[in-house]
Amino acid sequence: LRPSRGRRKNFQRWKDDEKRQQERRSTQTEEVVNLTLAHLQLARVPVHLGTLTKLAFLDLSNNNVTDIAPLSSCHTLKHLCLRNNNISRVPESFILKNLQRLDLSMNFLHDMVLKQPSLSNLNILHLNHNFFTVFPESLTLLKNLVELDLSNNKIKELPECITTLEKLEVIRMKANGQEELPTPLHKMTGLTCLSLEYNNLKCIPSSIGKLTNLTSLNLFSNRLSYLSLQIGNLVKLKTLSLGFNKLTHLPTELSNLTCLEELDLSENFITHIPLSFHTLRLERFSGVLAGNPLFHPRMGNSEWLKIQTILYNS
C-alpha cells in the first residue's frame, strides 16, 4: 500500500524540520567562543574542537590528557588552560599563532621545544609545578612574552639568552631551590614583578638596584641575613615581602621607598628600626614586624612614636 498524500507531506515536513534543526545546531556549535571541559576525566582532546571556528577560550584543566597535538587545529584560540593533566611533552607541531595565554602548570614537563613562530603572540605562560631542571631556551622565541611563571620546579640558573625577552615584565620562580639570584635578572631592567619566595637565597647583590621598574618584590621565606643598600634604588616598589628570613637589621635606604603600600618584615631577627622609617606611608600595617625581637627606645622618643603610628596602627 502506498502512503496517503497527507502522510507523505507530513513525512517530508518532518524531514525538513529535522534538517533545519541540524543546521541550527551546527551553526550554534560553530558560534561557540568559550568552552569549559574541566574535571571530566578526559584522556584525549575531543576531535571536534577543530570545527569550532570561533573558539577563543578553552579550559581542559583537571583531566587526564597526554597528547595536545590535536589542539593545533584550533587556530582561533587565544586562551588555553591545560592545568593539571598528564602532559609530558609539547610536540613541535603544536602551533597556535593567535594564542595569547597558555597554562601548562601541574603537568609532567621536563623540557619544552618550540619552533618559530609556533606561539609567536603568546603573552602569558605558566609552567609552574612541573619537572624542569634547566630553563627551556626555546622559550626565548616568545618575543611577546610579558609574564612567565616557573615556580615549583628545580631551575637554579637562568641562561643569558633570557635577556632577549625584552617585553618580559613578570617572572615568578618560587620554590626552585635557588641559592643565588640568577645573574641575567640583573640586566632585565623592564621587570615590574619578581617573585623568588621559598628559595634558599642568602643575600641579594647590589645589582638588584638596577631593577628600578620593580613594583613588586617577593623574597619571603629565604635565608637572607642582610639587604644590599642598593635596594633603596627601587623607588617604584609598592609591595616588598621579606618575612621569614634571617634579617637582623635594616638599611636606612629602605626609607627611600616612599611608594611602598605593603611591607612584610615578620619573623626575622630585627632588633632596631631606622628612625628614618617615619617617611613611609604604608596602606597595610598589621603584622609588618610581628615575630621580631624589637628593642623599644624610651617612650619619650618622638621619632619612635611616629614609627609606631606608621607600622602598627591603621
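This is a predicted model: local features need pLDDT of at least 70, side-chain atom pairs count only at pLDDT 80 or more; totals for chains, interfaces and linings use all residues.
Starting with the overall picture, the protein chain has two helices and eleven strands. Read from the N terminus, the order is α-β-β-β-β-β-β-β-β-β-β-β-α, so a helix comes at each end of the run and the strands sit between them. Of the chain's 314 residues, 44% count as buried. As for contacts between residues at least 6 apart in sequence, 25% join residues at least 24 apart.

Next come the aromatic rings. A pair of this kind is described by the distance of the centres and the angle of the planes. Searching the whole structure turns up three aromatic pairs. One of them brings together F108 and F131, with 5.8 Å from centre to centre and 10° between the planes, and it is stacked. F108 belongs to the loop between β4 (101-103) and β5 (124-126), while F131 belongs to the loop between β5 and β6 (147-149), so this pair ties together parts that are 23 residues apart in sequence.

Another pair is made by F220 and F244. Their ring centres are 5.2 Å apart and their planes meet at 55°, so the pair counts as tilted. Here F220 lies in the loop between β9 (216-218) and β10 (239-241), and F244 in the loop between β10 and β11 (262-264), so the parts tied together are 24 residues apart in sequence. The two partners fall into separate accessibility classes, because the cut-off for buried is under 20% relative accessible area: F220 is buried at 16%, whereas F244 is partly exposed at 43%. Y198 joins in as well, as ring pairs link Y198, F220 and F244 into a cluster.

That leaves the cysteines. How many disulfides does the structure hold? The count is zero. A disulfide is a covalent bond between the sulfur atoms of two cysteines. Among the cysteines, C74 has 3% relative accessibility and counts as buried. C193 is likewise buried, with a relative accessible area of 13%. Both values are under the 20% cut-off, so both residues get the buried label.

Technical notes
Residues are numbered from 1 along each chain as its sequence is written. Side-chain values use heavy atoms; hydrogens and water are left out. A disulfide is a pair of cysteine sulfur atoms within 2.5 Å. Buried means under 20% relative accessible area, exposed over 50%, partly exposed in between (1.4 Å probe, protein chains only). Rings of Phe, Tyr and Trp (its six-membered ring) pair if their centres lie within 6.5 Å; planes under 30 degrees apart count as stacked, over 60 as edge-to-face and the rest as tilted. Helices (H or I, at least four residues) and strands (E, at least two) are DSSP runs, numbered from the N terminus. Contact means heavy atoms within 4.5 Å.
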